[in-house]
Amino acid sequence: MCYAPKGQLSRCEFGFPRSLLKCGYLLTIEFWLLVAAHRILLTSTLEQRNSPICNWLFSGKAVCIPEPFVGPDLPDDPRPPGQPPRTVGIIAQYSWRKGLRELVSAFLDWNDSNRGAQLRIAGTPIAGAEREFQDLRATVSRHPAGHTVTFLGQVSSAQRKEFYEGIDILAVPSFYESFSLAVLEALWHGRPVLAAPRIGVLEFLPSNVGITVLSEVSAPALKDGLEAVWSTYDACAKEA
């Protein structure tokens, strides 16, 4: 039997008091799945380094295998990236580690000089993060440039192709991702990616594929990253 934790054992999953609710599950079902498995499939060495239980107790079983990805059929006449107004997109379930609050703060500050950009946020909050998400939406609504931010809600698998065709830049500002298929999906559609440094899939990609990697996850770094991708957009899009 093979078992893939999908990042659920990473130490960042237990950084807040509400994460302690997961400990019961971790010490029962999750632990015995690890015991019973002949192989534990981790999606990156980043996930392996950040999963101390696998490293301490089950290192002999663990193996790193990237998630498979087969892109969907592309439209016969896809919308070329970069048609104005340019649009930044993020697709993720909201939680503290997704970096959405930092991205929104950076985008509103950066876009305040009438660049005409748009930010599309796809996804809903995870259990326990609903109030934070509503607070973020309220902050956006009060900002003078808040009308440039659109909350799309949940985007189904069938709608993901439409989502990527409707944006020009994908932002992945997470503090940690064990892999991130969204990066591959965006590149498949020819969209440049602005990514945080601790994203597992970056281990398997060359540096010249339209990905701009942040120095850190913070509003100032994201603002600089948005400006960098914006100012060199044609070259980034060509690489992607």
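Which residues point one way from β4, and which the other way? In this predicted model, T87, G89 and I91 point to one side of the strand, while V88 and I90 point to the other, and all are buried. In a regular strand the side chains alternate between the two faces of the sheet. Of the 5 residues of β4, 5 are buried, so the strand is largely enclosed by the rest of the structure.

The strand β4 (87-91) belongs to an open sheet of 6 strands, arranged in the order β6-β5-β4-β7-β8-β9 with parallel pairing. The edges of this sheet are taken by β6 (149-153) and β9, each of which has a single partner strand, so one side of each is left without a neighbour in the sheet. On average, and with direction ignored, neighbouring strands are turned by 20° against each other.

The pairing of β4 can be described strand by strand. With β5 (residues 118-122), β4 pairs in the parallel sense over 5 bridges, and Q118 in β5 is the bridge partner of T87. With β7, the parallel pairing of β4 runs over 2 bridges; here V88 stands opposite I169. Further along the sheet, β5 and β6 are joined in the parallel sense by 4 bridges, and I121 has F151 in β6 as its bridge partner.

Helix α8 packs on the sheet, where it touches β4, β7, β8 and β9, and its direction makes about 160° with that of β8. The helix comprises 13 residues (219-231); at 1.5 Å a residue it should span 18 Å, and its end C-alpha atoms are 18 Å apart, which agrees. Its buried residues are A221, L222, G225, L226, V229 and W230. These residues cover an arc of only 165° around the axis, which puts them on the same side of α8. On the other side of the helix, P220, D224 and S231 are exposed.

A separate feature is found at S180, in the loop between β7 and α7 (181-188). Most residues other than glycine have a negative phi. S180 has a positive phi of about 95° although it is not a glycine. The relative accessibility of S180 is 12%, and because buried means under 20%, S180 counts as buried.

Conventions. Residues numbered from 1 in each chain as written. Predicted model: local features only at pLDDT ≥ 70, side-chain atom pairs only at ≥ 80, totals over all residues. Heavy atoms only, no water. Expected span 1.5 Å × (residues − 1). Buried < 20%, exposed > 50% of the residue type's maximum accessible area, 1.4 Å probe, protein only. Arc of directions from axis to C-beta. Contact = heavy atoms within 4.5 Å. Pairing = 2+ DSSP bridges. Axes fitted to C-alpha atoms, helices over the stretch in contact; angles between N-to-C directions.
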